[in-house]
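Please read the points below with the model open beside you.

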Amino acid sequence: MTDKFLYEELDAVSKMGFLKKEIPDFLKDNLNPKFKPRPYQIEAFSRFFHCLDNDFPGKDWPLHFLFNMATGSGKTLIMAGLILYLYEKGYRNFLFFVNSTNIIEKTKDNFLNPLSSKFLFKENIRIGTRRVKVAPVINFEGVNDKDINICFTTIQKLHSDLTTEKENSITYEDFKNKKIVLLSDEAHHINTQTKTQLELFKNWENTVEQIFKQNEDNLLLEFTATLDYYHKNIVEKYRNKVIYRYDLRQFRNDGYSKDVYIVQVDFEEKERILQALILSQYKQEVAAKHRINLKPVILFKAQKTIAQSLENKANFHKLMDSLSGNDIERIRKKSDIPLVKRAFVFFDENKISSKQLTERLRREFDESRCISVNEEKEKENQQILLNSLEDRDNQIRAIFAVQKLNEGWDVLNLFDIVRCYTTRDSRYGKPGKTTISEAQLIGRGARYFPFVTRENNDCFIRKFDKDLSDEMRVLEELHYHSINDSRYISELRTALIEEGMMDEREIEKELNLKESFKESDFYKYALFYINERIKNNYEYVKSFADLGVSKKNYVHMIASGHGLTEALLNGNGNVRAVAESTQKDIKVRNIPLHITYNAISKNSFYTFRSLKHYFPHIKSIREFINADRYLGGLEIIFQGDSAEIYNLSNEAQLNALTGLLSQIEAEIRKNITEYKGTEKFKPNNVSSVFHNKVLKLLQENERTNGDEQYISDKDWYVFNANYGTSEEKAFVRMLDRQMDILKQKYDGIYLIRNERHFKIYSFSDGQAFEPDFVLFLQEKNGKMLTYQIFIEPKGKHLKEYDKWKEKFLKEINEKYKDEILEFITKRKTQKYRIIGVPFYNNTDENQFKQSLYEAIED
C-alpha cells in the first residue's frame, strides 16, 4: 500500500482533471439556495462521490472516510449535502454524534428549523417525485422509510445508552438489520484512545466501531478541523480514510476568513479597552456608511477564573459610566497605531465628534448589551443569544468569558478580542497552553462576516487583499488587543502560524503610479469606459417558454401497493401476470383549484411576490394557474393501476402537482440569471479609477517579483512595478518589443495593470471579469481618437476554464467595432473606441499580435 494519504492521491487526480466536479441537481436543488456551495465544498462532494463509486488501494468495507476541513468552512453544509446524496442512494437512517450538547442543539437547528437563519435544507425537499421529510428520531425502530431519519446524540450518551438498558434508548439491535450512516462531528475527540490508550476513550471509540461494523453497508463519515498528522497511530488509522484536507491556512489564503492583526500597545488596561471600543465603533460606522448592517461584537477574555471575568465585567461598566469626551481625546493624542489614526480621520471626515462618539459608545455598550458566559448553566441560558449574534434583533455588543466559548461556537461578527491580563506561560521559548488556546480562540473568531460591495457580490470572500488601504478593509480584519510584550507577541504569532491564522510568508508591497504619469494630461483629463452590472428585470418574460420551461408532460407514478405471492410457475407452466399499469392525462387547469392552491402554498418559490419577480406580467395566482402560457398549458400523466387512475384521490393529485412545481422551479433556477451586464459603457476619469495601493502577497510566489528594474524606464508602463504572473510579465516584454511600430502612429501609449481597480460585466449574465491590463493608444495627427483595449494574458492550462472571458472580449469587440464614443467638454471633444482582443499566451504570441494589429487597424 502507498505511503501517501488518500487525500494526496485525490489531490493528484483532481489537478489532472480526472475528478468529475459536478453536483447532482437533486442535491443542489434541495439545499437552502441561500448557501451556494463554494469551490472547495464542491471539491469535497466530488471526492466523496468518486471514492464511493470507484475502487482505490486500501478501500475497505464498511466504508469509513474523514473530512479534515477548517473551522468555519461549512462542514455542516457538506453533511447536509451528503445526507441528500445518500438518501437518493437508498440510505434512510443517520446517526449524528459529537462530544458537546451545544453542537447538538446548533446542528438540530441547522437541520430541522426552517425559521433559523442557518437552516441548510430547502424547506420542501423533493427527491424524484417524492416529498421527503427530515425527522428527528430517538432510535431507528419503527421509523418511516420514506423520511430522512436523524438520531442526534452526544458520544457520551450514545456510549451510555448502548451499555446501560433504558426505555426507548438506542441499542445495538437498532443497527443489526439496518444500514446506517454515522456522522461524527469534531471527530478528533473520538480518536483520543488511538493516541493515549486511555480506557474511557477506548470505550467511546469501541462503541462507534461496534455500531459501524454491524452492517457492511454502513458508512462512517467523520468531520474535524483537527487531525494530528505527526502521530504514528493516527497516521496508520487514517492513511486511507482522509478524503480531503482543507486546513485553516488554505481556507484563509483562499480568502474565506478575516485576516488577524495583533494590536499591541503600551497602555494601561482601561486605555487598551477604550481603544478597542473605539475601533469596534469605527467598524460599525464604516459599515453603516456603506449600507452594511453590522453590529461588531467584542470579546473580553479573562485568564483563568470566573472571578477574574466577573471583575472585568464590573470594571468595564464603571469605565462606561464615567466615560467622557476627554477620555476619547486622550486616546487620539497618545495612540500612534496607524489603524487608530485612520479611525479618528474617519470620525473627523464624517463629523463624529468625541462627545458624539462617547454617547454612542455608552449607548452601544450599555450593561443590557453585555453578557457573561462562564459557568455551564450561564452558557446554556445565553445559548440563543450566542448563536444568533448576527441577527438584526440581537443587541449584544460585548461578551465576557474565560474558556467556555470553544468548539461549536459559530459567530461571524466578532471583530475584536481584548486580552484582559498580561502574564505569559511559555516554556523554553515555545507557546504555552494558554497562548495556544488564545490562538485557537482567534481562529474560531476569524470567521468572515459576509457583505457585498458594488464591485463584488461574492459575500463570503475577502475583497480587499489587493487594496489594504481601502476604507472597507477594516471589515475584513479581526483585531487582538494585547500589551506590547515582544516575547509574548512572538509566541502568539508562532501559535497563530501553527494554527493557520497567520502566514509567515506574507509580505506587503506598495504599488504606486509613476509621478511622470500622474503629471500627464492623460491622467488628469482622459476617460476610461466600463460597463455596469444591473439586476435582470425579466420584462421580456411572458410565458414559461421564455424561461426555458419545457412543455413536456410530467409523469407521476402512483404506487398502489398491490402485488402477489405464489410459485414462480403454476401447474400448467404459465406465469401469472400482475395487472398492467394504466395512464391518464390531466390538464393542470382541470385539477380542483383548492388542490392546486394547496400545492403552490407548500413551495415558497411560488409566492405571488416571487412569481411577479420572474413573470412580471401576471396579474394573479389564478392567472398563473389557468393561463396556457403558464401552468394551464401543462398536463400531468398519471400512471398506476386502473382503479387508482380512474378514481384519483386528492392526495395523488396534490403529490403530482407538488412534483411538477418542483420540476418547473428547478428548470427556472437553472435558466435564469439574476444579473446582466449593460451593453452601454460609461465614461470615468482615469484619475478616479487608477490609484496607489498596498498589496498582500506571498513570498516565493512568482508575483512578488515586481520587475521594478525592467519597467522603471518604460514611460508607457504607468505603475512602479508589475506584480503579475509570468504570463503577464511575458506580455509586457512582448509589448515592449512592439513600441517602435506603435510609436509611429500613436503619441500617447499607456499600459495599466488592473490590480482590482475595475471590473467589467458579461452582457449575458453579469459575471464579473477583471482584465489584467488595459492599453490606451492615442492617435497622432490631431485625430483625438484613443483606443481603449482590454487585454488578458492566460496560461494554456486556464484557457478552457476561462473561455467565457475570451468570448466576452470578442463580444465587446463585435459590438463596438464600428462605434466611436464621443465625450464633449469645454476643453475639447474626446473620442474613444473600445476593443477586446483574444487571450495572450506566450507560446503563440504571434497570433495575439496579429489580432491586436487587426483590431486597431480596422
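**Notes on the predicted model**

1. R756 is found in the loop that runs between β25 (746-753) and β26 (760-761). Its phi is near 60°, a positive value in a residue other than glycine. Most residues other than glycine have a negative phi, and most peptide bonds are trans. With a relative accessible area of 35%, R756 is partly exposed.

2. R291 counts as exposed because its relative accessibility is 81%, the cut-off for exposed being over 50%.

3. A cis peptide bond joins W61 and P62, with omega about -5°. P62 sits in the loop between α3 (39-53) and β1 (63-69).

4. On confidence, the average pLDDT of the protein chain is 87, and 92% of the residues score at least 70. Over residues 563-571, however, pLDDT stays under 50. For that stretch the model has seven contacts beyond four places in sequence.

5. β19 and β21 (residues 635-640) run parallel and are joined by four bridges. Within this pair, H556 stands opposite F638 in β21.

6. K241 deserves a separate look. This lysine is found in the loop between α10 (232-238) and β9 (242-246). K241 is buried yet has no salt bridge. The nearest side chain of opposite charge is D60, 6.7 Å away, whereas a salt bridge requires the nitrogen and oxygen to be within 4 Å. Leaving aside neighbours within four places in sequence, K241 is in contact with L6, H64, F65 and L66.

7. Is N722 buried or exposed? N722 counts as buried, because its relative accessibility is 1%. The residue lies in the loop between α29 (708-711) and α30 (726-736). Apart from neighbours within four places in sequence, its contacts include N705, G706, D707, Y717 and R753. E728, K729 and V732 are also among the residues that N722 contacts.

8. The count of salt bridges comes to 53. Side chains of opposite charge can pair when their charged atoms come close. One of the salt bridges is formed by K89 and D53, whose closest N and O atoms are 3.9 Å apart. This pair links distant parts of the chain, 36 residues apart: K89 is in the loop between α4 (75-88) and β2 (93-98), and D53 is in helix α3. K89 is partly exposed, at 39% relative accessible area, and D53 is partly exposed, at 48%.

9. K289 and E471 meet through their side chains in a salt bridge of 3.1 Å, N to O. The partners are 182 residues apart and link distant parts of the chain, with K289 in helix α12 and E471 in the loop between α19 (433-445) and β15 (477-483). Both are partly exposed: K289 has a relative accessible area of 42%, and E471 has one of 24%.

10. The side chains of D465 and K696 form a salt bridge at 3.5 Å, N to O. D465 is in the loop between α19 and β15, and K696 is in strand β24 (residues 693-698); the pair links distant parts of the chain, 231 residues apart. D465 is buried, with a relative accessible area of 16%. K696 counts as buried at 14% relative accessibility. D465 and K696 belong to a network of salt bridges that also links R252, D259, R462, R473, E476, E477 and E506.

Methods: Residues numbered from 1 in each chain as written. Predicted model: local features only at pLDDT ≥ 70, side-chain atom pairs only at ≥ 80, totals over all residues. Heavy atoms only, no water. Pairing = 2+ DSSP bridges. Helix = DSSP H or I, 4+ residues; strand = E, 2+ residues; numbered from the N terminus. Buried < 20%, exposed > 50% of the residue type's maximum accessible area, 1.4 Å probe, protein only. Lys, Arg positive; Asp, Glu negative; His and termini not counted. Contact = heavy atoms within 4.5 Å. pLDDT = per-residue confidence, 0-100.
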